[in-house]
Amino acid sequence: MREPSVRRYSGRSVEEWKAARRERLLAAALELFGTEGYPATSVERLCTQAKVSTRHFYHEFQNKEAVLLAVHAQVIELAVRSTGDALRRTAGRPVRERIEEAVDSYLRTVMADLRRARISYVEVVGTSPAVEEQRIAFRELLIKSVQDLGDTAVGRGEIKDKDFRFLGLCFFGAVNTVVYDWMLADPRPPEQTVQQALRELAVQLMTS
């Protein structure tokens, strides 16, 4: 028996049109939340930027908060994945090199695009209980990477055992403050300078 044909519009299926529409809305959210800010951006403004009707907006997202959750998830998942990839690439190398690679990968991901940095360190903070829950959940993923890295180094006899969760909290608290300050600075220091300072901080916290 033949499968029912998929209705296509201009060569695309309905699902392909919906996926493209959602991606346009997420791209608009990255641009507007990351430049004008979340509170200043209305649903109508998102729709205009994405060339999507408000009716179709509500087919994809329940409300503006849902768009923030989705675009924040994209930004942080990229950072978490980059960090994890760096740790896997350096699995057999000394702990200092592993720390440096992981920190560099994370910071390059969030600092390469000021819109990502603003969403990660400004727009999601204290926005709502749901957004705060997601922010904390992603932070916990990063801290788990710190704990695993520390535990592995202890097992190899490279460093002494410590409270690596506490050190992770300290480090990412410092990252939040430093990157936020970097975004506001005029003139803005080279991002490599900030990355080097945070890389050295991470090494000191983990190995001293």
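E101 is partly exposed at 26% relative accessibility (partly exposed lies between buried, under 20% relative accessible area, and exposed, over 50%; 1.4 Å probe, protein chains only). The model is predicted: local features need pLDDT of at least 70, side-chain atom pairs count only at pLDDT 80 or more, and totals for chains, interfaces and linings use all residues. Numbering starts from 1 along each chain as its sequence is written, and side-chain values use heavy atoms, without hydrogens and water.

R89 forms a salt bridge with E101 (a side-chain nitrogen of Lys or Arg within 4 Å of a carboxyl oxygen of Asp or Glu); their closest N and O atoms are 3.6 Å apart. This pair links distant parts of the chain, with R89 in helix α4 and E101 in helix α5, 12 residues apart. Helices here are DSSP runs (H or I, at least four residues), numbered from the N terminus. R89 is exposed, at 53%.

## Other salt bridges

The structure holds 16 salt bridges. R199 pairs with D104, closest N and O atoms 2.7 Å apart. R199 sits in helix α9 (residues 191–207) and D104 in α5, so the bridge ties together parts 95 residues apart in sequence. Both R199 and D104 are buried. Shared partners join R89, R93, E97 and E101 into one salt-bridge network.

D85 bridges to R88 at 2.6 Å between the closest N and O atoms. Both lie in helix α4 (residues 64–89), 3 residues apart, about one turn of the helix. D85 is partly exposed at 31% relative accessibility; R88 is exposed at 58%.

Methods: Helix = DSSP H or I, 4+ residues; strand = E, 2+ residues; numbered from the N terminus.
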